[in-house]
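Visitor: I have the model open. Could you walk me through its packing?

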Amino acid sequence: MKKYMAVWGALFFCVVCLSLYLMLETLNTSPGRYSADVDAHALEQFEKKINVIQEDIINNQAIIDDIKAAIKASSKGDKQDIPKLQALLDKQNEKLQSNRDRVVSMQGGMKFNHPVESVPRVNAVQRQGGNEVVKFDQYDKYVGLRKTVPVSDDVCRWINTPSKEPDINMEKVVDSLPFDNPDGGAWKQGWTVTYPANQWHATNKLKVFVVPHSHTDPGWVKTFDSYFTQQTRHILNNMLDKLEQYPTMKFIYAEISFFHLWWNELDDGKKSRVRKLVHDGRFEIVTGGWVMNDEANAHYFAMLDQLLEGHQWLEGTLGVKPTAGWAIDPFGYTPTMAYLLRRSGFNSMLIQRVHYALKKHLAKNRQLEFMWRQSWDHEGSTDMLCHVMPFYSYDIPHTCGPEPAVCCQFDFRRLPGSSYSCPWKKEPQAITDQNVEERTKMIIDQWKKKATLYRSNSVFVPLGDDFRYDKPDEWDHQFVNYDKIFKYLKEHQELGVEAQFGTLSDYFKSIYEQFKVKPGQAPTEFPTLSGDFYTYADKDDHYWSGYFTSRPFQKNLDRVMESHLRAAEIIFSMANTIAKRQASAGNFPATLMMDKLIQARRNLGLFQHHDGITGTAKDFVVVDYGNRLLKSLKDTKEVIKECATYLSMDTKTAYSLASGENETPIFDVDEERAAHDALPVKTVITVQDKPRPILLYNSLPHQRDQVVKIYVTSLHVLVKDDKGNTVLTQAEPFWTKPDVVSEFFFKVSFRVTIPGLAVLKYTVQSVPEHGNSLNIPSTVLMFNADNKQIKQSPFSIEVTTGTDFTLENPYLKATFSGSNGLLKSVVTKEDGTTHNTKLEFVMYGTKDHSGDKSGAYLFLPDGKARPLKDSGSPIVHVIKGPIVSEVHVYFQLVTHVVRLYNSSGVDGISLDMQNVVDITSQHNMEVATKITTDVENKERVFFTDLNGFHMQKHKYHEKLHIQGNFYPMPTMAFIEDETHRFSILSSNSLGFSNTEKGVLEVMLDRRLNQDDSRGLGQGVVDSKQTPSRFKLLIERRVAGEYNPDISVAYPSLLAHQTSLQLIHPVYIIPPHSKHASDMPKLNSFIPMKTQLPCDVHLVNLRAMQNADDGKERLVPKHTSAMFLHRLGFDCGFMNKGLACDAASGQVTLSSIFNEIELNLAQQVSLTLMYHEEDVDTMTTLNLEPMEIGSYIVTLQ
Ligand SMILES: [Zn+2]
């Protein structure tokens, strides 16, 4: 009883800690959607305080964990007390929630509201000023004709050639299965497995590889650092001691983020002992990425980057090149990963979390091992041997064979007396001389049953679980007992089993040897398979489609940081090359920047973990990831800004990095975030009558014509391009509230043409009223606003109610509802077709019958989506002008903006949509945006992308429930019919489905008040004001045929370029407010001689470190890794708006740059582990469609 009192007391303590934490966490959120002004000093002080308390909280977390363990242990004694404990915990959680909500509501009165700078008041201006000069309905006067781009025949031929049908097409398998979920007996999701008694004998032995492993999540219910200090460090220490103690034992390990931390703690003696174990093949690094990355939400840039970071580190320190992929825990699998591993030189891979019905189907046909082929691959050169684990989980009860009650008895960590036990009520027994025969026969029966599901005579038996082998005695128990079984088998050849400890590649090697093929080649009879493994269900209707959207704020932050990292890598490679040529190279802070880049690579890499970007970690772990991403976002902004400054300076010797309080940098960053969970606040340029410079950086290797927007302190401005020409500008109101226009801040939009990779210098200055006839104030129409003050604004503002209105540019005419401001239809002007495009916001609740409810992983909706109710009519702004027209709609839970650009670039061809969703006040709610079109997509076929790399076909199946029909959409989705294709392009990953014929539905945010029983132990209620951004693209098919039966589809070239521009915006680098005078001479930097073809994307130009992890690692080399991706695209659509020259896939490395010499190049494997061939930089490379070419290039 005393023990229980202690537990109750501890529980209350735990709740107090958590309350404190939640309050702080709430206070730390964004200061408010409309607040543009933050007192930097006050905030810094505030942040410091929070950091101190946050540390306390992390410490408290350890206590909480201990309490939980205590509860677990004490409840084992008396199981009836578990529900009581649970009920109490639930009740306290509810209280916590209401406390938290109270704090959230209080927060409204706590905004920071001190202006950063004293801003001159703007004089009132004459309404309609300038409208006589430019009538903005005369679009063609300002927008040049868009050219279409020549496309090489070979690519269209290639795209239109059907791929060879694989033996297994996953999309067709899903089509064919009933998903009826019958009870399979001991193997619940399978069947009763049998095998002929004489199948294995002394001369035909089953080879069993028992493979010890420990799955270490770099952040989940603990932070990355806590996991390392409390568990992972011990696991690896034990590994070193115990593998030496037991010479026949082996171990595999995956996560380099942890491993490198551990390595850095070792002395030289231990390092060489580790190297010996690796070189003896006893300790094997599998995959060797920075993390075991999520495969649904992650973009291929980040997947590759974290793999590269891990491999470079491994090669530089251990001198090891992994050959086998290991992904036991990601929640579904993408063929992109098979591609990346294949092109990195791997020969085999393993996956585990596959839908139970698909596992059963593949097992029945002995197809759990196959050659995974890219659906676009015509030749089979991408084929990758893949092993699917057959049962429910990767823990020991589900890996020795089909019967968990038996397998659990062979997990010797659960021996009686330990803190673990078997839930099947049959405890493990230590192996003795008395029971060895019986126990051996028992486990080989499981191994043999497992072997019948595969085609070779080898069987793979993983022996591990999450954070296993952290205590020395687990090593002893597993080794000693298995060793007795192995020895017994050696003495009893008639049992037909040869068993041993092994590694993952020992197992694959055994298969290759049996079939007498080289590693990487297809063993005879192994089938080919194309497609993906989404959407994962582990049981019943428990589809893991919630995590495609969970924590969308962080999914957005991830993609923002990712594009900054890429932009920073590229501009750094260029700036560092130019700096090295200067006699005064020392003033360029190369090592400082390299340090920031390496940290950013690792922080981005860490977040690609399958509990990071997935949104499935504890709240405080999400905060930890968020702070890392924010730090690197700031750092990469610094690198971009400083490199752009350096490259644009006429006299390089005049450059110095501003450091210390008395030095002011020339330029500022475009926006800042006050906290990891705050929306960005734009930097406002203080304009003066003297021109001030603005730099614009295009990180894409193609010219782009597009509209950019800056924030200024005057309505009367003049913007000049780098040739000194005044450009047409549109002044727009800056809204401090939906019905209040700022008197001090304004937005100015203008069109720019920026060559590939260029940094252009523009200037902005203030002018007297009427001083610039090319600066046109927007006209504003407001619906449902009753603020009488609004008409005092310097803009012409009409307040009205009622009728539908339109926005128009030369390509589109969009009609919106006058009652709620939402899109209703779009006319594509080239063919005069009116397209239904009814946009609405919808919501799901969560299923309320007993059992699990929606949580971080699972989506278990309470039926079809219903309209999101909003009280009253929203305030709507309609803003028009010569450059951009906008609609702003202010609902209670969603702020929605649609923009139509009057631009000759690709941004003029689609509708731009931005939302900020705020469901912090809601209970068990998921919000989606739904666009209803009249597309007749036959058989409900739709496509979503996989990792931004390729498109995957799906059909909406009623048999899969709603939740089984949602798929990840990292960058885009489309539906189509004979005449048109509707694409939605997204700035970050979210869940998508075609919930009704003709419908595009994108999940925007989810707030779920309970845990969904997958180990996280909490709901997702740390909701933020969450931004999302989309482009809606309507394209008419002009060539090729619509075929609903086709397995492979490609975006158009226009869709590719629109997506790239959405994800990689033009970086605006404003002048620093304090640096008003003495500007050095600045020039535009235009580095490219020939822009890359439209269908070639520069994935990265990543500076190589001098040593991979040694003391010199921060000194960048003369070399950079260059990645060129040849995009596959559908030739059936017009390629309008593109400023690149042609889609040919042809690149001559030496003619890319004019400012930089690229004289030497080597073609290498994707993660640079293998040198393939030297490339003559003068000859033209013909990049293969869909492939990523990787080169190490010397830049001088
Ligand atoms: Zn995991």
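Visitor: Which residues have the most contacts inside the largest nonpolar core?

Guide: This is a predicted model. Its largest nonpolar core has 303 residues. Those with the most contacts inside that core are Phe-259, Phe-283 and Trp-447.

Visitor: Leaving aside neighbours within four places in sequence, which residues is Phe-259 in contact with?

Guide: Contact here means heavy atoms within 4.5 Å. With sequence neighbours within four places set aside, the partners of Phe-259 are Leu-236, Tyr-253, Val-274, Phe-283, Trp-313 and Leu-318.

Visitor: Are helices H6 and H7 roughly parallel or roughly perpendicular to each other?

Guide: H6 covers residues 224-245, and H7 covers residues 256-265. Their axes come within 10 Å and cross at roughly 65°. Angles of 65 to 115 degrees count as roughly perpendicular. H6 and H7 are therefore roughly perpendicular.

Visitor: Is the crossing of H6 and H7 left-handed or right-handed, and what classes of residue make the contact?

Guide: The crossing is right-handed. The contact includes Phe-228 and Leu-236 of H6, with Phe-259 and Trp-262 of H7. By class, the contact has 10 nonpolar, three polar and two charged residues.

Visitor: Which residue just after H15 takes a positive phi?

Guide: H15 spans residues 504-514. Its buried residues include Leu-504, Asp-506 and Tyr-512. Just after the helix, a positive phi of about 55° is taken by Lys-516.

Definitions and conventions:
Residues are numbered from 1 along each chain as its sequence is written. This is a predicted model: local features need pLDDT of at least 70, side-chain atom pairs count only at pLDDT 80 or more; totals for chains, interfaces and linings use all residues. Side-chain values use heavy atoms; hydrogens and water are left out. Axes are lines fitted to C-alpha atoms, for helices over the stretch in contact, and angles run from 0 to 180 degrees between N-to-C directions. Helices (H or I, at least four residues) and strands (E, at least two) are DSSP runs, numbered from the N terminus. Angles under 35 degrees count as roughly parallel, over 145 as roughly antiparallel, 65 to 115 as roughly perpendicular and the rest as oblique. A crossing is left-handed if the near helix is turned anticlockwise from the far one by less than a right angle, and right-handed if clockwise. Ala, Val, Leu, Ile, Met, Phe, Trp, Tyr, Cys and Pro count as nonpolar, Asp, Glu, Lys and Arg as charged, and the others, Gly among them, as polar. A nonpolar core is a set of buried Ala, Val, Leu, Ile, Met, Phe, Trp, Tyr and Cys residues joined through side-chain atoms within 4.5 Å. Buried means under 20% relative accessible area, exposed over 50%, partly exposed in between (1.4 Å probe, protein chains only).
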